[in-house]
Amino acid sequence: MTPSLLQPPGNLSPAEALQLAQQAPKILQQTPKTVSASPLKSLFAKAETTDMWTVYENLMLSCLRTGDDVAAHECLERLLVRFGDKDERVMALRGLLKEAEAKNDTELEKILGEYETLLEEDGANIPIYKRKIALLRSMGREAEAITALNAFLDFNPTDSEAWAELADMYRSQGMYSQAIYALEEVLVLIPNAWNVHARLGEVLLMAAKTTTTDAAPHMHLAEALKRFCRSIELCDDYLRGYYGLKLVTDKLMNGGAIKSKKIQETEGFSLPDQATIEKLSLVATDKLAEIVRRHGAGEKNWLGYDADEVAAARELLAKSSPKVVR
């Protein structure tokens, strides 16, 4: 199935992005290059729609991914003609095009300076602020990117994507408590996001491995168990939710839940009893086995899973219960 140019292309595979970029000559040929100032000519021009400009933007992003800078420039030119060079979104797209064409760090530094100048003129220019943060991170300046993103969230605290990005930055630096806080902020804004619940569970598992006090690992495992359960409650086919549930129940069944009973009472958190944990582990095992089996058989409606995630599930099942998957 051909991916749609009306959907954000960020999650597309390289092959899908190339498939979209190859549509550029046809799309650009079918639509006018400029918008006429003549009222008479505009009567006979092709009707302008919101979808047209969404297509141009997404087509430009796909062309940049595949190295078609010529088509990307033409898409940007049409957006400039329509919206002007002072439009914040167009500014960010123009900056992105410059970043893609930059040949070295010196040129990237120059672009970063241009972003700073634009933000001095308008500190609330959200698209440019996000480009600045993304550029800092791509240049390996993680600490500066974190500082900039925190400043961005000070005046725009309801941006769930920004909180998720901040969580990922903190995680990459091993700052798990900060990452947990940021993901909790995401869930305040979008409480039914099953993938975020699972991601929070994953970060809690990472934190459990690095904490040294007696109580903290068990507290993190208890919270991770809740998050993975909530994830699969919201989406009963979510592989990462079941994978995380299998991981955390395996850890708890290796004596962790029993040994921590006294700690639970003193620290004010609770874990299910061993029988419940074993049932949850069985649920996760059965579902992962079904996904692996049906995806491997090429069954319709079971091919949407990421192949690497399916392979990881198969490996986990092979390690913990070799007889489940043959």
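Which residues form one aromatic cluster with Trp 53? I looked this up first, in what is a predicted model. The cluster consists of Trp 53, Tyr 56 and Phe 83.

**Entry: aromatic pairs**

I ran the ring search over the whole structure and it returned seven aromatic pairs. I then took up Trp 53 and Phe 83, whose ring centres are 5.5 Å apart. Their planes stand at 75°, and over 60 degrees counts as edge-to-face, so I logged the pair as edge-to-face. I noted that a pair of aromatic rings is described by the distance of the centres and the angle of the planes.

I checked where the two partners sit. Trp 53 belongs to helix H4 (residues 50–65) and Phe 83 to helix H5 (residues 69–83). They are 30 residues apart, and the pair links distant parts of the chain. Buried or partly exposed? I asked this of Phe 83 and found 36% relative accessibility, which counts as partly exposed. Trp 53 has 10% relative accessibility and counts as buried.

**Entry: salt bridges**

I counted the salt bridges and got 24. Side chains of opposite charge can pair when their charged atoms come close.

I opened the bridge between Arg 131 and Glu 99, where the closest N and O atoms are 3.0 Å apart. Which helices does this pair connect? Arg 131 is in helix H8 (residues 126–138), and Glu 99 is in helix H6 (residues 88–101). I looked up the cover on each partner. Arg 131 has a relative accessible area of 18%, and Glu 99 has 13%. Buried means under 20%, so I recorded Arg 131 as buried and Glu 99 as buried.

Next I followed Glu 290, which I found in two bridges. One is with Lys 287, at 3.5 Å from N to O. The other is with Arg 294, at 3.0 Å from N to O. Lys 287 and Glu 290 are three residues apart in helix H16 (residues 274–296), about one turn of the helix. Glu 290 and Arg 294 are four residues apart in helix H16, again about one turn. I have Lys 287 and Glu 290 both down as buried. Arg 294 is partly exposed, at a relative accessible area of 24%.

I also wrote down a network in which salt bridges share partners. Its members are Arg 137, Glu 142, Glu 165, Asp 168, Arg 171, Arg 199, Glu 202, Arg 240 and Glu 309.

**Entry: contacts across the sequence**

I stayed with helix H16 for Leu 288, which lies there. Its relative accessibility is 0%, so I have Leu 288 as buried.

I then turned to His 197 in helix H12 (residues 194–210). His 197 is buried, with a relative accessible area of 5%. The C-alpha atoms of His 197 and Leu 187 are separated by 7.6 Å, while the two residues are ten apart along the chain.

**Entry: surface patches**

I looked for patches and noted a nonpolar one of about 240 Å². Which residues make it? They are Val 188, Leu 189 and Ile 190. I placed Leu 189 in helix H11 (residues 176–189). Leu 189 has a relative accessible area of 33% and is partly exposed.

I also recorded a negative patch, formed by Glu 88, Glu 120, Glu 121 and Asp 122. Asp 122 is in the loop between helix H7 (105–121) and H8. Its relative accessible area of 32% makes Asp 122 partly exposed.

**Entry: backbone**

I closed with phi angles. Most residues other than glycine have a negative phi. I found a positive phi of about 75° at Asn 301, although it is not a glycine. Where does Asn 301 lie? I located Asn 301 in the loop between H16 and helix H17 (307–320). Asn 301 is exposed, with a relative accessible area of 70%.

Key: Residues are numbered from 1 along each chain as its sequence is written. This is a predicted model: local features need pLDDT of at least 70, side-chain atom pairs count only at pLDDT 80 or more; totals for chains, interfaces and linings use all residues. Side-chain values use heavy atoms; hydrogens and water are left out. Patches are made of residues with over 30% relative accessible area and no salt bridge: like charges are joined within 9 Å, nonpolar side chains (Val, Leu, Ile, Met, Phe, Trp, Tyr) within 5 Å. Accessible areas come from the Shrake-Rupley method with a 1.4 Å probe; for residues, only the protein chains shown count as cover. A salt bridge is a side-chain nitrogen of Lys or Arg within 4 Å of a carboxyl oxygen of Asp or Glu. Helices (H or I, at least four residues) and strands (E, at least two) are DSSP runs, numbered from the N terminus. Buried means under 20% relative accessible area, exposed over 50%, partly exposed in between (1.4 Å probe, protein chains only). Lys and Arg count as positive and Asp and Glu as negative; His and the chain ends are not counted. The place of a charge is taken as NZ of Lys, CZ of Arg, CG of Asp or CD of Glu. Rings of Phe, Tyr and Trp (its six-membered ring) pair if their centres lie within 6.5 Å; planes under 30 degrees apart count as stacked, over 60 as edge-to-face and the rest as tilted.
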